[in-house]
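Here's a quick briefing to read alongside the model. Have the structure open and follow along, topic by topic.

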Amino acid sequence: MDVSGILDEHTSRFKSVQVDRLIPVDHDLGLLSSFDINMLNESKLNAGPKKRDAYLLELSREGAQLLVNELFSQPTTVDEDSVYAMLPKITTTLPREKPLPKEKPMTRWEKFAKLKGIESRKKSRLVFDETSGEYRPRFGYKGVNNDDQKPWLIEVPGNADVNADMYQERRDEKKERIEKNTRRMTRNAEERMAVERGLNPRDMRKRELQNALVMSKGSTASMGKFDEKLKGEPKVKGLKRKFDPLVAAAGTEKSKNMDILNRVAKGDSSETVVNARKAQRALNNAKRNKK
């Protein structure tokens, strides 16, 4: 039985894996990309939408075929699941979308460890719990550090109250450690922000305290003039309040009163001294209280 016709018909359904280009195509297999600089056929591009789309689709297929051919030429590794091609290193330099991240400043502990030559050792995430006989996380959910009732028996120190709850003290100590670590994290974040701005962390903290002190001075009627001075407190400028004298000339007081009356009579809203909403609210409250 001659099956050559059937084979030819079956083969004709598939396109050839051999693709010819006038100018060789450059490949960067590390990025799984190809760079084709051959000229496009303008007559096919201007032949109409259908022919143009078919022409571009054929170019895309040939480009993908060239890339697949290069992949099959690379060394491969085989495991139980499949065959993998070993990609070479990337040769094309791509521009970054964002600038390089700045190096984070070291924390106080990192500076101390570097000065003393202390090297951090990575601990395993799981530890063996002898009580339960299984591995549990070192920290976090179901961690061994969350067992407030361990050990089941705690010796009471000789100088402690015999009725003291040692388990509650352990929980309080843990809470204090967490709060202490939170304060350290906040301090490190503030120091990192100061270094990024090109400032000394101590100077920045001193400036913030001075600003807070200046703001607190405005809480008194004298603007802090009669408050007790702190040691090393800088002299604050610009915190002055002007009060009119209790006894003034008759002409001055008369002119001020006439000025107020004229503004009220004219209804000048730009410099009015009467708050209409506040006056209406006070009137409504008075009527309500009478009822």
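**Salt bridges, a pocket and a greasy patch**

Glu 58 comes out as partly exposed, its relative accessible area being 25%. Keep in mind that this is a predicted model.

**Salt bridges**

- The count of salt bridges comes to 7.
- Glu 58 pairs with Arg 61 in one of them, at 3.7 Å from N to O.
- Both of these residues, Arg 61 and Glu 58, sit in helix H3 (residues 49-72), where they are 3 residues apart, or about one turn of the helix.
- Arg 52 bridges to Asp 53, and their closest N and O atoms are 3.6 Å apart.
- Arg 52 is partly exposed at 35% relative accessible area, and Asp 53 is partly exposed at 42%.
- Arg 21, Asp 36 and Glu 62 go beyond a simple pair: they are linked in a network of salt bridges.

**The H4–H5 link**

- Arg 108 and Glu 191 meet through their side chains in a salt bridge, at 2.9 Å from N to O.
- Arg 108 belongs to helix H4 and Glu 191 to helix H5, so this pair ties together parts that lie 83 residues apart in sequence.

- Two elements each give two or more residues to its lining: helix H4 (108-116) and helix H5 (166-196).
- H5 gives the most, with 5 residues.
- By residue type, the lining divides into 2 nonpolar, 3 polar and 4 charged.

**A nonpolar patch on the surface**

- Leu 22, Ile 23 and Ile 37 form a nonpolar patch on the surface, and together they have about 350 Å² of accessible area.
- Where does Ile 37 sit? Look in the loop between strand S2 (33-35) and helix H2 (42-45).
- Ile 37 has a relative accessible area of 59%, so this residue counts as exposed.

Technical notes. Residues numbered from 1 in each chain as written. Predicted model: local features only at pLDDT ≥ 70, side-chain atom pairs only at ≥ 80, totals over all residues. Heavy atoms only, no water. Helix = DSSP H or I, 4+ residues; strand = E, 2+ residues; numbered from the N terminus. Nonpolar A, V, L, I, M, F, W, Y, C, P; charged D, E, K, R; others polar. Patch = residues over 30% accessible without salt bridge, like charges linked within 9 Å, V, L, I, M, F, W, Y side chains within 5 Å. Areas by Shrake-Rupley, 256 points an atom, 1.4 Å probe, with all protein chains shown as cover. Salt bridge = Lys/Arg side-chain N within 4 Å of Asp/Glu carboxyl O. Buried < 20%, exposed > 50% of the residue type's maximum accessible area, 1.4 Å probe, protein only.
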